[in-house]
Amino acid sequence: MSEAGSLVDELRALEREARDAITGTSDSAALEQVRVAFLGRREGRVSRILRQLGGLSPEARPAVGAEANRVKQVLRGALEERERRFARERADTGTPARDLTLPGRDRWRGARHPVTLVVDEICDIFARLGFTRARGPEAETEWYNFVALNTPLDHPAADEQDTLYLKGGGLLRSHTSPVQIRILERYRPPVRILAPGPAYRRDTWDATHAPAFFQIEGLAVDEGITFVDFKATLSEFARRFWGPGTRVRFRPGYFPFTEPSAEVDVKRRVVGADGSVEETAWLEVMGAGMVDPAVLENVGIDPERYSGWAFGMGPARIAMLKYGISDIRMLYENDIRFLSQFA
Ligand code: DAH
């Protein structure tokens, strides 16, 4: 056999051997070993034959060279094909490529809404003073929202400009005070309740008004309750909520369902980082008063025997003071960038 003929045969045998080896691999690392064994520049078996080309006679050289190049081409193609298959299999197993150098991502954590924080804190303080949490419907009747609360329907508060009336009759409660009536209808004194919940008014949507907003109603009715209980309980609450140095002021006010009525202001003491003590301006925090005897009569409670006091406050406004929030809309827009600061 000619020298060219035997080398061409040797190349064809190598080609079969290499194809079998490629088919037998099960991962990229094994495939790379096969590539090096046959096509590696220095030690590869095909490369070694190519290096012998120089020693061949000029007649034999072209045939062997051409065959060697063909085998190289074929094996490269087979290696690539096998590698593509491994890549497809990796993608199918659903294990994504992970970039371990990427910065970590924090898990998103929920938090309580700042108004909820304030409502809960206020309810906790009153719970320790003997008050139970209560609630009533948000869709109310004129009786519960106005008339039973000693507010005649020609009172400006009942005007369509102020209250949202519902189509089939009824209205969205304009304050949480109707819960006073609902509770006193069902329970006889002694009654001590706190009723947090939403209230609705035909108000503009601006920095200080929202058409839907939170209120907390408070009510205490028992035998022998006086203005002293009223002032003492609310002062005690203010000092527990705003701090022991807080001053409380009761200014005369007017509400149809209380007599006498008061606007309650607080003046907080702020201790600076250097230990200096400053007092804030007077801040109005609630409306309050002694329950009007007409209200007790409306629910069949004898005002000669029983008396009580009540208050209504806006926890959104209190949250704004507490956390330094200047626009009430931030509390109701549910923007996560704002709310997550309370986490
Ligand atoms: N309901 C009143 C309002 O929405 C607030 C209020 C004032 C409630 C005095 C009371 C009270 O219980 O005694 O403006």
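Which side chain does the side chain of D327 contact through polar atoms? The views below come from a predicted model.

**View 1. D327 and its surroundings.** The side chain of D327 makes a polar contact with the side chain of R329, at 2.8 Å. D327 sits in the loop between α10 and α11. Its relative accessibility is 17%, so D327 counts as buried, since buried means under 20%. Leaving out residues up to four places away in sequence, D327 touches D206, A207 and M320.

**View 2. The largest nonpolar core.** This core has 40 residues. I122, F126, L234, F237, W309, F311 and M313 have the most contacts inside it. Several elements each supply at least two residues, among them β5 (212-223), α8 (227-242) and β11 (306-313). The largest share, 7 residues, comes from α5.

**View 3. M313 and its contacts.** Neighbours within four places in sequence are left aside here. M313 is in contact with I122, F126, F214, Q215, I216, F237, V285, M286 and I318.

**View 4. A second core.** A separate core has 23 residues. L7, V8, A18 and L39 are among them.

View 5. An N or O atom in the side chain of H175 is 2.9 Å from a nitrogen atom of the ligand. A polar side-chain atom of E217 lies 2.6 Å from a ligand oxygen atom. A310 takes part through its backbone: a polar atom there is 3.1 Å from an oxygen atom of the ligand. On its own, the ligand has 350 Å² of accessible area, and the protein covers 89% of it.

Notes:
Residues numbered from 1 in each chain as written. Predicted model: local features only at pLDDT ≥ 70, side-chain atom pairs only at ≥ 80, totals over all residues. Heavy atoms only, no water. Core = buried A, V, L, I, M, F, W, Y, C linked by side-chain atoms within 4.5 Å. Buried < 20%, exposed > 50% of the residue type's maximum accessible area, 1.4 Å probe, protein only. Helix = DSSP H or I, 4+ residues; strand = E, 2+ residues; numbered from the N terminus. Contact = heavy atoms within 4.5 Å. Polar contact = N/O pair within 3.5 Å; in protein donor to acceptor, adjacent residues only side chain to side chain. Areas by Shrake-Rupley, 256 points an atom, 1.4 Å probe, with all protein chains shown as cover.
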